[in-house]
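Hi there,

Here is the structure I promised to pass on.

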Amino acid sequence: MIKRYFKKKPYMTYIAPAMALMTVLTLFPTIFLWLISMTNYQLGWDLGRVKFVGLDNYIRLVSGRDPDFWNAVYISLKFMVITTAAEMIFGFLIGKLLCDSESRMKPIVFAVLIIPIVMTPSIAGNIWKLMLNAEYGIVNYFLAVLHLPRVTWLDADMAFTSVVLADIWQWTPFVALISYAGVCSLPTDQYEAARIDGGNAFQLFRYITLPSLRPLIFLAMIFRTIDSLKIYDMPFVLTQGGPGNSTEFLSLHIYRLANAQNGLIGRAAANAIILMMISSAVSKVLTYFQRKEM
Amino acid sequence: MSRAQKRAVRKVVVLLLFLIICFFFLAPYLWMVLISLKPKVDIYDPGKLLFVPTLENYRSIIEDAHILEYFKNSMLVSAVSTVLSLVIGSIAAYGFARFNWKDRENMAFMVLSQRMLPAMAIVIPYFLMAMFAGWLDTRKILVICYMLFNVPFTILMMRGFFEDIPLEIEEAGKIDGCSGWQVLKELIIPLSLPGLTATAIFCLINSWNEFVFANFLTSVKAKTVPTSVMLFLSVSGTKWGEMAATGVLASLPVIVFGIAVQKYMIRGLTFGAVKG
């Protein structure tokens with residue numbers, strides 16, 4: 001019978017092992033996570049004490065008994081919007097600049113753009129921490145040389161901006177490389193035709209460049225929104241979520257609840273489910289727009 | 001202004017912009033290299049660019065902080081998970097590239113959606129399962145976790161590379177009497193070796209840089225390089241020199257690898273969705 005099944009669906013012989021593995025690696029843990037999120041389990045408890053508490057953990061989140069949660073959701077979404085917008089704009093401009101230019105510097109620029117992308121985020125975060133140090137950081141040193149006021153980059157007011165800055169540094173090149181590929185593959189004849197018809201630069205951009213690049217722009221946007229939504233390593237080393245909870249993104253909030261000191265696994269799991277739902281909702285919406293013809 | 005002048009001005013402006021871009025994206029890396037070579041006292045004096053370079057920081061991390069242990073962990077975990085993912089993922093990729101069935105694109109989308117899964121969410125059940133199994137702080141749990149993103153990545157990347165190979169080659173092989181598996185082994189794999197290498201390198205880079213699982217699931221024995229930078233934070237302040245030296249050693253391989261697969265960078269960054 002099994003033989004006949006594989007004969008009817010020959011592709012299954014190839015994809016079955018990987019699909020089975022992925023089901024075991026993601027589906028089961030996700031179901032397990034749902035279950036944990038409905039218990040009061042804390043680290044170090046023996047299993048006898050674990051009780052099923054239904055939706056208690058979720059009600060706690062929604063009802064505002066966990067104000068840090070709403071703060072985390074708010075700054076995660078704010079971070080997602082700001083970094084994605086900035087990276088898309090700067091990245092697109094760099095990509096366009098690279099495509100239009102025939103400079104001999106281009107290969108160097110490409111090599112430089114790759115460095116932030118592949119660099120270990122936790123290490124990059126540490127370097128930013130050193131550079132942004134209020135007393136002996138190079139950034140403030142430069143500001144002093146230019147007779148500008150020094151900035152305490154990692155205090156409560158500026159910490160969020162610092163994480164945004166570091167994220168823009170690391171991921172703008174990603175958008176730049178993708179936009180470069182997109183812009184450079186646009187056919188030139190459409191532009192010539194439009195120019196003959198008297199289109200100006202803005203019209204060319206609005207009616208030719210943007211529509212043809214739509215799928216690509218959305219693709220870059222999907223990757224950037226999702227990745228910035230789940231950001232963890234960069235703020236973890238740069239600010240540890242602080243000062244206070246000014247940079248406690250959702251991932252960091254989950255970590256703070258679940259780590260060895262607090263060990264509130266049940267509550268952390270409910271947070272994790274929310275994070276999962278937000279990121280899948282965001283990616284669904286963007287994928288829908290990416291596929292929709294306009 | 002004449003046309004030629006306009007063009008010259010434009011060229012200078014573009015060159016300047018390129019220099020600014022390079023400076024912005026390269027500066028943190030260069031600063032790290034510089035700090036790693038600075039003697040301790042000079043680190044707190046950012047303006048001092050003339051100093052006697054020293055390898056003291058490197059000696060210290062290797063001899064005192066035993067950083068090479070973490071490098072060994074990182075290398076083993078990355079390599080094993082990459083090899084396993086390549087084998088399982090490439091076979092599935094071949095299925096996706098060469099067969100057609102009703103739900104194929106939905107399945108491919110499911111594979112892609114693994115990329116969207118927040119690691120911080122999925123790590124909690126892994127943490128508990130590892131705890132009950134006694135696998136916390138072992139390399140094998142990290143190998144398993146890294147397959148979470150390496151297998152889907154390999155499937156989608158290799159699917160693209162396989163689709164680039166003309167079908168005629170395969171048909172010729174079949175006429176010569178090769179079975180399906182033989183075609184894959186004798187024809188397709190050798191022909192897609194550049195793609196396979198690029199995919200392997202991306203898997204290595206991603207595993208090498210991974211932080212969430214490593215931070216959550218390991219503590220001492222299986223600690224990897226990205227989490228080891230936290231070692232240099234102490235109550236008496238951060239040991240910046242040592243941290244920077246670790247950073248230089250850790251980022252050197254990924255940067256070399258990254259520049260080596262430059263040609264496939266866009267493909268790799270978009271999970272094979274854009275064949276740049």
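**Two helices side by side in chain A**

In chain A, helix α10 (residues 201-229) packs against helix α13 (residues 265-291) at an angle of about 175°, and their axes are 9 Å apart. That makes α10(A) roughly antiparallel to α13(A). For the terms: axes are lines fitted to C-alpha atoms, for helices over the stretch in contact, and angles run from 0 to 180 degrees between N-to-C directions. Angles under 35 degrees count as roughly parallel, over 145 as roughly antiparallel, 65 to 115 as roughly perpendicular and the rest as oblique.

From α10(A), the residues that meet α13(A) include Phe218(A), Leu219(A) and Ile222(A); on the α13(A) side, Val282(A), Leu286(A) and Phe289(A) are among them. The residues of this contact divide into eleven nonpolar, five polar and no charged. Here Ala, Val, Leu, Ile, Met, Phe, Trp, Tyr, Cys and Pro count as nonpolar, Asp, Glu, Lys and Arg as charged, and the others, Gly among them, as polar. Two residues are in contact if their C-beta atoms, placed from the backbone, lie within 7 Å.

Before you go further, please note that this is a predicted model, in which local features need pLDDT of at least 70 and side-chain atom pairs count only at pLDDT 80 or more, while totals for chains, interfaces and linings use all residues. Residues are numbered from 1 along each chain as its sequence is written, and chains are lettered from A and ligands numbered from 1 in the order in which they are written.

**Chain A as a whole**

Chain A has 13 helices and zero strands (DSSP runs numbered from the N terminus, H or I of at least four residues for helices and E of at least two for strands). Its radius of gyration is 24 Å, well over the 19 Å that the globule rule gives for 294 residues, so chain A is more spread out than a compact globule. That radius is taken over C-alpha atoms, and the rule is 2.2 Å times the number of residues to the power 0.38. Along the principal axes, the C-alpha atoms of chain A fill a box of roughly 75 × 75 × 35 Å.

Of the 294 residues of chain A, 41% count as buried (20 or more other C-beta atoms within 10 Å of a residue's own, with C-beta atoms placed from the backbone; 12 or fewer is exposed, and in between is partly exposed). Among contacts in chain A with a separation of 6 or more, 69% join residues 24 or more positions apart.

**Where chain B comes in**

How many residues of chain B are in contact with chain A? There are 67, and they meet 73 residues of chain A. α1(B) gives the most to the side of chain B that touches chain A, with 13 residues. By class, that side has 55 nonpolar, twelve polar and no charged residues.

The domain assignment (automatic or from a database) gives chain B domain 1 (3-54) and domain 2 (58-269).

**One residue to look at**

Ser228(B) sits in helix α12 of chain B and is buried, with 24 other C-beta atoms within 10 Å. Leaving aside neighbours within four places in sequence, Ser228(B) is in contact with Ile67(B), Tyr70(B), Lys223(B) and Thr246(B).

Best wishes
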